[in-house]
Amino acid sequence: MQTDLRNRDMITDQEWSREELDTLFEVAWDLKRKRALGESHALLRDKVLGMLFFFTSTRTRTSFESGIAQLGGHGMFIDSETTQISHGDTAKEIGEIIGRYTDGIAIRQCDWNFGNQYIREVAEASRVPVLNMQCDVYHPFQALADLMTIMEKFGRDVRGKTINVSYAYASSYQKPLSVPQSLILLMTRFGMNVRLTHPEEFALMPDIVEQAKDNAKKSRGSFEVLHDFDEGFKGADILYPKSWGCWMTTEDKDESAKIGAKYKHWITDDQRMALANEDAIYMHCLPADRNIEVSDSVIDGPQSVVYDEAENRLHVQKAVMALTMRS
Ligand code: CP
């Protein structure tokens with residue numbers, strides 16, 4: 001167990017060692033148990049988390065704000081549009097200044113080819129830990145909550161379990177690559193058989209895929225890329241089909257919508273679910289495009305764990321805040 005994680009940034013799970021991640025999960029389960037029992041756990045009394053959003057959010061905002069309050073601190077919502085950030089405050093200024101007012105800075109900045117760089121610039125200038133609430137490359141807290149949920153459903157040793165991280169069609173907008181990328185990076189650290197399934201145009205960043213391959217080798221798991229939607233379901237224990245944009249192919253919205261429309265049949269329904277193992281679970285980070293990305297019968301069905309998954313955002317985030325923001 002690693003006991004000194006004070007002041008550590010969480011920008012990607014990949015930068016935390018396996019032992020540090022194991023510590024984080026131990027703390028998350030302890031805090032979840034304490035909340036279930038109604039035990040006080042004000043580990044961050046008088047601490048402030050600045051939460052800077054450049055993009056909309058439901059789960060991330062509410063779970064971070066609830067989490068810091070339950071730890072005895074305060075969450076300060078900062079909207080980029082209604083502050084001087086939209087008029088030119090730089091990343092360095094945000095790190096320097098908000099870092100002097102608060103005990104942690106959490107940021108969601110998903111702009112393509114910019115978000116991760118922005119968060120790293122803030123972290124460079126900040127004297128307090130910086131937590132990535134989603135960027136163009138990573139969504140580390142989503143992947144942590146997802147792994148916690150898988151461990152709860154299948155047991156803590158997830159080695160040998162097969163997860164299918166798959167593209168699914170959605171019409172709403174060109175979503176970031178951050179969820180599938182964080183998933184393939186984290187699940188390969190824990191010895192799982194990781195399948196990445198997508199049409200050719202929806203590839204992930206090549207260096208992320210290379211890191212996932214390397215992780216799988218080190219953890220004695222496996223990693224494979226498939227391009228057939230149905231094949232991805234066959235024999236899988238965990239199904240994680242969600243939409244993402246074809247950013248590696250085009251940044252043009254109209255062109256990307258045209259490409260996406262070729263894959264309208266990539267929808268998770270009961271027939272697809274029947275291809276997976278009998279006790280397979282369905283996961284989605286939410287929000288989902290209902291009856292486009294996934295049928296109501298699946299997302300509301302007995303194999304769906306989406307609400308447990310959303311709840312676990314709260315517990316992993318509290319664990320990371322408690323470990324990194326303490327005095
Ligand atoms: N899964 C997730 O990050 O949800 P929000 O976009 O609502 O925060």
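Which residue in β4 stands opposite glutamine 109?

Analyst: Cysteine 135 in β4 stands opposite glutamine 109. The model is predicted, so local features need pLDDT of at least 70 and side-chain atom pairs count only at pLDDT 80 or more, while totals for chains, interfaces and linings use all residues. Residues are numbered from 1 along each chain as its sequence is written, and side-chain values use heavy atoms, with hydrogens and water left out.

The strands β3 (residues 104-109) and β4 pair in the parallel sense over four bridges; two strands pair if DSSP finds at least two bridges between them. Strands (E, at least two residues) and helices (H or I, at least four) are DSSP runs, numbered from the N terminus.

β3 and β4 belong to an open sheet of four strands with parallel pairing, in the order β2-β1-β3-β4. β2 and β4 (130-135) stand at the edges with a single partner strand each, so one side of each has no neighbour in the sheet. On average, and with direction ignored, neighbouring strands are turned by 15 degrees against each other. Here angles run from 0 to 180 degrees between N-to-C directions, and axes are lines fitted to C-alpha atoms, for helices over the stretch in contact.

Elsewhere in the sheet, β1 and β2 (residues 74-79) pair in the parallel sense over six bridges. The bridge partner of methionine 51 in β2 is phenylalanine 77.

Helix α4 (residues 115-125) lies across β1, β3 and β4 and runs at about 170 degrees to β4; contact means heavy atoms within 4.5 Å.

Two helix pairs complete the picture. The axes of α1 (residues 18-37) and α5 (residues 140-154) come within 11 Å and cross at roughly 70 degrees, and α1 and α5 are therefore roughly perpendicular (65 to 115 degrees) to each other. Trp29 and Lys32 are among the α1 residues that meet α5, whose partners include Met148 and Glu152. α5 also packs with α6 (residues 178-187) at an angle of about 50 degrees, with their axes 8 Å apart.

Conventions
Angles under 35 degrees count as roughly parallel, over 145 as roughly antiparallel, 65 to 115 as roughly perpendicular and the rest as oblique.
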